[in-house]
Amino acid sequence: MKVHLPRKKSSFWALGAASFLFIATTFLVGPVFAADAATGVTNIFKPLSTPAQAIREVSLLVLAICAGIFLVVGGLLAYTVVRFRRRPGDDGREPPQIYGSNQLEFAWTVIPIVTVFVLFLATARTIYDVQGAAPPADALNVTVVGHQWWWEIRYPELGIVTANELHVPVSEPSQRRPTFLKLESVDVAHSFWVPQLAGKTDVIPNRENRMWIEPTQPGTYVGNCAEYCGLQHAHMLLRVIVHPGEEFTKWVAEQKQTSADDPQTRAGRDLFFSTSCINCHTVKGTQAAGTFGPDLTHLMSRETLGAGTAPNTAEKLRAWVRDPQTIKEGCNMPNMQLTDNELDQMVAYLLTLK
Ligand code: CUA
C-alpha cells in the first residue's frame, strides 16, 4: 500500500509564492483596477470629499511604510533562507550563536518606536483635521438616525424628513457647502459609512456623534451600515445624492410640499388611514403621524425600498406591502393581510406620494 509522504520542498515554495502573489494582488493591484471600473462599486481610494481625501492621504502613508517594512523583512528573510540553506557536504554544526548584542537590540527597539511615532503623528493630525473642523455659519445641518434596519434623515432647519437617501448640495471652490451630520440611534449600534465621502462613524444609542461631508462632484454615492446590527444588517444601505446648487434648492422645495389628494385613489387612501399603517408612518398634511417607520410623504421620490433591498417600482412596492417579510425577513413591518383588491387600492394610493 502506498503511504502519503510529507509535502515536498517544491510544494513549500509554490505555497509561499502563491501567498505572496495573493497578498500583493489584494493590497496593491486590486484597488488600482477597482478605481477604474465604472461599476458604481464604491472605493476608499477614490475619494470625492474633503474628509475622505485626508483619510486617503494618511492611509497611503501607512500603506507605504508597511510596504517598506514588508519588503525589508521579506527580503532579508528570503536572502537568509536561500543563502544559508542546507547544502550537500555540510558538517551539520550550528552556526556561531550571538548573545546580548547591544547594537542589534538597540536597532530593533529604536526603529519600531520611530516608525510607530511617525504613524501616530500623521494619524493624530488627520483625526484633528477631520474632527476639529468647525461648521461654517451656512453649513447644511442634517440629523441621521439609525434604525433596525433603515436610516431616518432629518433636515431640522428645512422641516424635511426622509429615509435612506441623503440629499446634499455640491461644494465648489467658489462656494463651499459642507454638510454637518448628527448621528443618533434609536435601538442598537450602527455605523454610518459612505467610503467616497468620509470615514466610518459609529451611530450609538444615547449618544450623539458628529461628522461632516463635503462632496466636490455631483452624483450618487452608495454607503452602508458598517456595524453588525442584527439580521438585516446587510440590507441597511444608504445613498448620498449630491446635487448642483440649484437642483438642491428644487429638491428642497419639492420635499416641503404635501401630497395632493387624488380622488381616483380615495379607496386606497381610506384603507391606508383605517389600518395600523399610520401608527408607524407619517404622511405630512394627514393624520398619519407615526415615527416608528420611514416617513412616506415622498415615498416615490426614493430609488429603493427597504433601505436598498429592492428597487422602488410599483411591482416591488406591491410585493413589499403584501408581505415585507418575504423581501426583508425580520424587518419591523408586519404582513397586513390585505386582499388582492385592497393591495391594488393601497399601492395606487402609495404611488401618488411623489
Ligand atoms: Cu445597522 Cu448594521
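Nine helices and 12 strands make up the secondary structure of the chain. The model is predicted. Of the 354 residues in the chain, 36% are buried. Among contacts with a separation of 6 or more, 61% join residues 24 or more positions apart. The accessible surface comes to about 21600 Å², and carbon and sulfur atoms hold 61% of that surface.

**Helix 4 and its packing**

- Helix 4 covers residues 245–256, which is 12 residues. From first C-alpha to last, helix 4 reaches 17 Å, close to the 16 Å expected at 1.5 Å a residue.
- The buried residues in helix 4 are Phe248, Trp251, Val252 and Gln255. Viewed down the helix axis, the buried residues of helix 4 fall within an arc of 100 degrees, so they line one face.
- Strand 1 (140–147), strand 2 (150–155), strand 3 (160–163), strand 4 (165–169) and strand 10 (237–243) pack against the buried residues of helix 4.
- Glu246, Thr249 and Lys250 are exposed, on the face of helix 4 turned away from its buried side.

**Helix 5**

- In helix 5 (residues 266–274), Gly268, Arg269, Leu271, Phe272 and Phe273 are buried.
- The cover over these buried residues of helix 5 includes helix 6 (277–280) and helix 9 (340–350).

**Nonpolar surface patch**

- Leu61, Phe106, Val110, Val114 and Val118 form a nonpolar patch on the surface. Together they have about 410 Å² of accessible area.
- Helix 3 (residues 102–131) gives the most to the patch, with four residues.
- Val114 lies in helix 3. Its relative accessible area is 47%, so Val114 is partly exposed.

**Backbone exceptions**

- Most residues other than glycine have a negative phi, and most peptide bonds are trans.
- The peptide bond from Gln148 to Trp149 is cis, with omega near 0 degrees. Trp149 sits in the loop between strand 1 and strand 2.
- Asn206 is not a glycine, yet has a positive phi of about 60 degrees. The loop between strand 7 (201–203) and strand 8 (209–213) holds Asn206. Asn206 counts as exposed, at 83% relative accessibility.
- Gln337 also has a positive phi, near 55 degrees. Gln337 lies in the loop between helix 8 (324–327) and helix 9. With a relative accessible area of 63%, Gln337 is exposed.

**Salt bridges**

- The structure holds seven salt bridges. Side chains of opposite charge can pair when their charged atoms come close.
- Glu152 forms a salt bridge with Arg154, with the closest N and O atoms 2.9 Å apart. Glu152 is buried at 8% relative accessibility, whereas Arg154 is partly exposed at 27%.
- Arg176 forms a salt bridge with Glu214, with the closest N and O atoms 2.7 Å apart. This pair links distant parts of the chain, 38 residues apart. Arg176 is in the loop between strand 4 and strand 5 (179–185), and Glu214 is in the loop between strand 8 and strand 9 (219–225).
- Arg176 counts as partly exposed at 48% relative accessibility, whereas Glu214 counts as buried at 3%.
- Asp344 forms a salt bridge with Arg318, with the closest N and O atoms 2.8 Å apart. Asp344 lies in helix 9 and Arg318 in helix 7 (residues 314–322), so the pair ties together parts 26 residues apart in sequence.
- Asp344 is partly exposed, with a relative accessible area of 42%. A network of salt bridges links Arg318, Asp340 and Asp344.

Notes. Residues are numbered from 1 along each chain as its sequence is written. This is a predicted model: local features need pLDDT of at least 70, side-chain atom pairs count only at pLDDT 80 or more; totals for chains, interfaces and linings use all residues. Side-chain values use heavy atoms; hydrogens and water are left out. Patches are made of residues with over 30% relative accessible area and no salt bridge: like charges are joined within 9 Å, nonpolar side chains (Val, Leu, Ile, Met, Phe, Trp, Tyr) within 5 Å. Accessible areas come from the Shrake-Rupley method with a 1.4 Å probe; for residues, only the protein chains shown count as cover. A salt bridge is a side-chain nitrogen of Lys or Arg within 4 Å of a carboxyl oxygen of Asp or Glu. Helices (H or I, at least four residues) and strands (E, at least two) are DSSP runs, numbered from the N terminus. Buried means under 20% relative accessible area, exposed over 50%, partly exposed in between (1.4 Å probe, protein chains only). The expected span of a helix is 1.5 Å times one less than its number of residues. The arc is that of the directions from the helix axis to the C-beta atoms. Contact means heavy atoms within 4.5 Å.
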